[in-house]
Amino acid sequence: MWKWLHPYAKTERAYQLCLTLQPWFWVGALVCLSIGTVWGLAFAPQDYQQGDSFRIIYIHVPSAILSMGTYVAMAIAALVGMVWQWRTAYMSMIAMAPIGAVMTFIALFTGAAWGKPMWGAWWVWDARLTSELILLFLYVGVIALYGAFEDKQQAGKAAGVMALVGVVNIPIIHYSVEWWNTLHQGATISKFDNPSIAPEMLWPLLINLLGFAFFIGAVTTVRLRNEIVLRELHRPWVQALAISQLASKQQVNHSVKGGN
Amino acid sequence: MQFESLADFINMGGYAFYVWLSFGVTFAAMAIIAIQSFIKHRNLLRQVVVEQERKARIKQARQQQQDSM
Amino acid sequence: MLEACGLTCSKRDRTLFEGLSLVVNTGELLYLRGPNGAGKTSLLRILTGLSAPESGAVLYNGVNISEDKTGYYRDLFYLGHKSGTNGSLSALDNLSFWLAQHSISVQENTLYDVLAKVGLVGLEDVPVRYLSAGQQRRVALSRLWLKPAKVWILDEPFTALDVKGVHLLETSMKEHVRRGGLIITTSHQTLSENAGEHRVFDLEYRF
Amino acid sequence: MSLYQGIFKRDMHIAFNQKAELVQPLMFLLMVVTLFPLGVSPSPDTLQRIGPGVIWIAAILSSLMAMERLFRDDFQDGSLEQYMLSGLALPAVSAVKVAAHWLVSFVPLLLLSPLLAMFLNLTVDMYIALVLTLLLGTPLLSLIGAIAVGLTVGLQKGGVLLALLLIPVFIPLLIFATSAVDSAALQLPYHAQLAIIAAMLLLAAALAPFAIAYSLKVSQN
């Protein structure tokens, strides 16, 4: 008996969990990102080689790390969903995909904007940029596959398989691209790996990394709630929730109008 | 503070365009995905209410059909 | 005995049925009825184990079918909307491959006899795609006489069949039930008395 | 065992009944290769330099076209349902089907490869390396491709989606395979590249059948 009630209890509980976590994530993201960005832009010392252009590192490196991290998290969620038949796991996987893709886009864009003054070209087939580009393709694939199915439960499972195939491939892709890059390397110098970074340069980087992570968490909670509402459109608790939330908003609108 | 003046800060040692473009696009992209998620949430809740009303209409129609029979 | 306990299924985010339970005993014909979109096919596919229910379980002789697949499939015959015959192979090839697939050994003469029984004399070695829809359906149905299955799950078996075909199928359904078989079937036309006694199970369209 | 032989025979039989579907991807491959001398440069040196990459890219693209055939008919006519209800081990069935598919769609490609090598002015050393990479690499294409085919088989517009899903996954293979041929051109050893491709193939052979079976089940739902 309990086993059958289980999944519904779980989605509702997941929804509540998102609601409680969400404000903390938003506050954390806001605080860390403002501190890290201001520190990185205004207070961190200049790089003796690259001047002030290196300050792009404070968004490029965190977004690059977390774009990979989000994909791995998606694959873990897919695995959990597959092994324990957990519908919420698939939902959180697909909730993470767009924000992961945005992180990949940011890493690519900032990489290009950093490359222009350093290499004189917007795009250079550097190992890290190429890996990021392929990662973006993997994200696109998962999102497109999910979108192609009408039945979202089936869609989640299918996208999960693809996320797992991708995650097995990421290290192989990474390794192959690095290897390919060393073979074909012309005059480009890898500006991205700085073997020794001064601590006053590193701190803002770590804070921003944390800030980006909080941001990903925050957006994921919102999107996971969306996913739950979408799938449980006909459950009484969702209907009650929709009515109460929309009603409270309308009340606010009314009182504003009344005040005028 | 690494910069002597505000103008200096904005100039970013000559790299102003690249640095500010990167930060601008980054935060714009983050804002877009966040706002899009919230808008979707509101639309979904509206959809729930609409569906419910539709269901009520169908139920009513069926009731009437049964009554007339 | 086939038992469904608390099955829930939603397709395209609409709940088709929730907490559905039913028991079909041996020697019984269950006629599953319901409007289009009520979830008849989904229910049958869950009963065969082809698709997994969102919650609930299907028991065959008290054992969950997901735990003893081979045991269940030995006794099961399922015919869905799709006939499961390859168009470029002949009826004979299709049947003998299907028999090998299901580990059933049958004399070749028997195959000819069964195909004659369903009215396909002379069409045994023609690629199936050259046959008419009704004839293709007959090829698929001829498996009923080849596999000694206890449980028949038939999804719209009468589609495309002519009067004679319907009569043949209905009488063999009656015969199967009489011998202690178990049938679950859906159909848009009501079963005639040739099919024998049957229990009706109505599946409502839910919103 | 004979049961799986039966599946293999049936698939071969069906494939040879639909010869057009076997030949078309090969013709596509040939035409793509023809485009490069016309579009880039007909100079023998350039062709030799880009040749390995061109052949591999064309092979990947044509494999995407051939791949769709793998489970499509069985899904559409309901044979796949009957496979699942037969009590056979689905991973083994999928492995056999992939093997049959590889034989009918990639072995002809290998037979065509001398022609391609001539078109693109490859040396004998390069050609040997190319054949070795094709021998090890194309089964990998089939195995990984089959997972995505299994996922998209139930979709109406699966074709482009299949390419979107698979091309990024095939990139490492492309890199190692072309670099092996490039090494051969420079008279350098290329065991390392072949070993890596072989390792990927073994990994795929061990895992892919289960992934294919799972994705077919997802498509049936």
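## Exercises on four chains

Glu156(C) is found in the loop of chain C that runs between strand E7 (151-154) and helix H6 (163-178), where helices (DSSP H or I, at least four residues) and strands (E, at least two) are runs numbered from the N terminus. The model is a predicted one, in which local features need pLDDT of at least 70 and side-chain atom pairs count only at pLDDT 80 or more, while totals for chains, interfaces and linings use all residues. Residues are numbered from 1 along each chain as its sequence is written, and chains are lettered from A and ligands numbered from 1 in the order in which they are written.

### Exercise 1

Step 1. Although Glu156(C) is not a glycine, its phi is positive, at about 50°.

Step 2. Ser103(C), a residue other than glycine, has a positive phi near 50°, and its place is in the loop between helix H3 (91-101) and helix H4 (108-117) of chain C.

### Exercise 2

Find out how chain C is built, and how its radius of gyration stands against that of a compact globule.

Step 1. Chain C contains six helices and nine strands, and its C-alpha atoms fill a box of roughly 50 × 35 × 35 Å along the principal axes.

Step 2. A compact globule of 207 residues would have a radius of gyration near 17 Å, and the 17 Å of chain C agrees with this; the radius is taken over C-alpha atoms, and the globule rule is 2.2 Å times the number of residues to the power 0.38.

Step 3. Buried residues form 39% of the 207 residues in chain C.

### Exercise 3

Characterise the fold of chain D and the stretches that a record annotates in it.

Step 1. Chain D has nine helices and zero strands. Its radius of gyration is 18 Å, close to the 17 Å that the globule rule gives for 221 residues, so chain D is as compact as a globular protein of that length.

Step 2. Of the 221 residues in chain D, 52% are buried.

Step 3. An unreviewed UniProt entry places the feature "transmembrane region" at residues 21-41, 53-71, 127-153, 160-181 and 193-216 of chain D; UniProt positions follow the numbering used here, feature names are shortened, and annotations may be inferred rather than shown by experiment. Residues 21-41 of chain D are 90% helix and 0% strand, with their end C-alpha atoms 31 Å apart, whereas residues 127-153 of chain D are 96% helix and 0% strand, with 35 Å between the end C-alpha atoms.

### Exercise 4

Which pair of chains shares the most contacts, and which residues does chain A bring to that pair?

Step 1. Among the five pairs of chains in contact, chains A and B share the most contacts, two residues being in contact if their C-beta atoms, placed from the backbone, lie within 7 Å.

Step 2. Chain A contributes 37 residues to the contact and chain B 29 residues. H3(A) gives the most to the side of chain A that touches chain B, with eleven residues.

Step 3. That side of chain A divides into 25 nonpolar, seven polar and five charged residues, where Ala, Val, Leu, Ile, Met, Phe, Trp, Tyr, Cys and Pro count as nonpolar, Asp, Glu, Lys and Arg as charged, and the others, Gly among them, as polar.

Definitions and conventions. A residue is buried if 20 or more other C-beta atoms lie within 10 Å of its own, exposed if 12 or fewer, and partly exposed in between; C-beta atoms are placed from the backbone.
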